Amino acid sequence: MAIRRAVIFLGPPGAGKGTQAKRIARLCGVPHLSTGDMMRDAVSRGTDLGKAVGPIMQRGELVSDDLVMKMIEERLAQPDCAAGCLFDGFPRTLPQAEGLDRILERSGFGEPLVVDLAVGDDKLLRRLTGRRTCSVGGEIYNVYDLPPKVNGICDNDGGKLVQRADDTAEVVKQRLAAYERATKPLTEYYRSRGVLQVVDASVSMDEISRALGEIVKCAEGRNGHL
Ligand code: AMP
């Protein structure tokens, strides 16, 4: 029987959660659930949710727990999440973590596997200000550390690479402060339950992927299950 497991990538903005979550989710054939991506999508489509969260994201502040939980609950009810999923950028507060615990228990998932992508502040600024995202497929590059073959163009689909509106130095400062205040305490929350693993995320993206692959262990033949 398939193991129903949720994997959570914790870590500050710029730790490489998005890049790694995309890689590992693709490798394991499970959905990658990024609350940031979902809300950016809502902003670009101009939905009611997008209109509500756009200005908050623009300031680098956290969106309310209620809105985030509602979005996650709806997404987790989709059949593609049945065998497991990978969370990136969620949970970000203690109430979100507690809410997720209740949902996972109700849906018959076991304890989540939580990985903290640990990296010092000096690397974060370089990662965030150098980040570029494909406007078509969402692939993530970095002009310093993970550049595309052709400047400004995605290797995968030829899409134009764009910089996120909240990757400016001013907003990054707010996002890092929100992480320290609201999200960092989650490492202790999960460590005390014995479900936390820590990965050194100051090394190259490929090295981080290798370390994560060993922890998540979605071996061949288990495709579609974490
Ligand atoms: P990210 O793409 O994960 O860096 O998120 C970008 C922005 O979206 C954050 O700075 C927040 O404004 C908002 N956001 C994303 N995920 C959450 C969450 N789980 N809780 C609250 N706000 C979030």
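Predicted model: local features only at pLDDT ≥ 70, side-chain atom pairs only at ≥ 80, totals over all residues.

Reader: In which sense do β4 and strand β8 (residues 196-200) pair, and over how many bridges?

Author: Strands of a sheet pair through backbone hydrogen bonds, either parallel or antiparallel. Two strands count as paired if DSSP finds at least two bridges between them. Here β4 and β8 pair in the parallel sense, over five bridges. Within β8, Leu 196 is the bridge partner of Val 114. β4 also pairs with β1 in the parallel sense, over four bridges, and there Val 114 is the bridge partner of Ile 8.

Reader: Why is strand β4 (residues 113-118) described as largely enclosed by the rest of the structure?

Author: Buried means under 20% relative accessible area, exposed means over 50%, and partly exposed lies in between (1.4 Å probe, protein chains only). Five of the six residues of β4 are buried, so the strand is largely enclosed.

Reader: Which strands form the open sheet with antiparallel pairing, and in what order?

Author: The open sheet has three strands in the order β6-β5-β7. Its edge strands, each pairing on one side only, are β6 (140-142) and β7 (161-162). β5 (residues 131-134) pairs with β6 over three bridges, and Arg 132 stands opposite Tyr 141 in β6.

Reader: Which residues touch the most other members of the largest nonpolar core?

Author: A nonpolar core is a set of buried Ala, Val, Leu, Ile, Met, Phe, Trp, Tyr and Cys residues joined through side-chain atoms within 4.5 Å. The largest one here has 30 residues, of which Leu 76, Phe 87 and Tyr 190 touch the most other members. Elements that each supply at least two residues include β1 (5-10), α4 (65-76) and β3 (84-88). The largest share, five residues, comes from α4.

Reader: How many residues surround the ligand, and which are the closest?

Author: A residue is near a molecule if one of its heavy atoms lies within 4 Å of it. The ligand is surrounded by 16 residues, the closest being Thr 35, Arg 40, Glu 61, Arg 92 and Gln 96. Helix α2 (residues 35-45) gives the most to this shell, with four residues.

Reader: Which polar side-chain atom lies 3.0 Å from a nitrogen atom of the ligand?

Author: A polar contact is a pair of N or O atoms within 3.5 Å; within protein, one must be able to donate a hydrogen and the other to accept it, and residues adjacent in sequence count only if both atoms are side-chain atoms. The atom in question belongs to Gln 96. An N or O atom in the side chain of Thr 35 is 2.7 Å from a nitrogen atom of the ligand.

Reader: Which peptide bond is cis?

Author: Most peptide bonds are trans. The bond from Phe 90 to Pro 91 is cis, with omega near -5°. Pro 91 has its place in the loop between β3 and α5.

Conventions:
Residues numbered from 1 in each chain as written. Heavy atoms only, no water.
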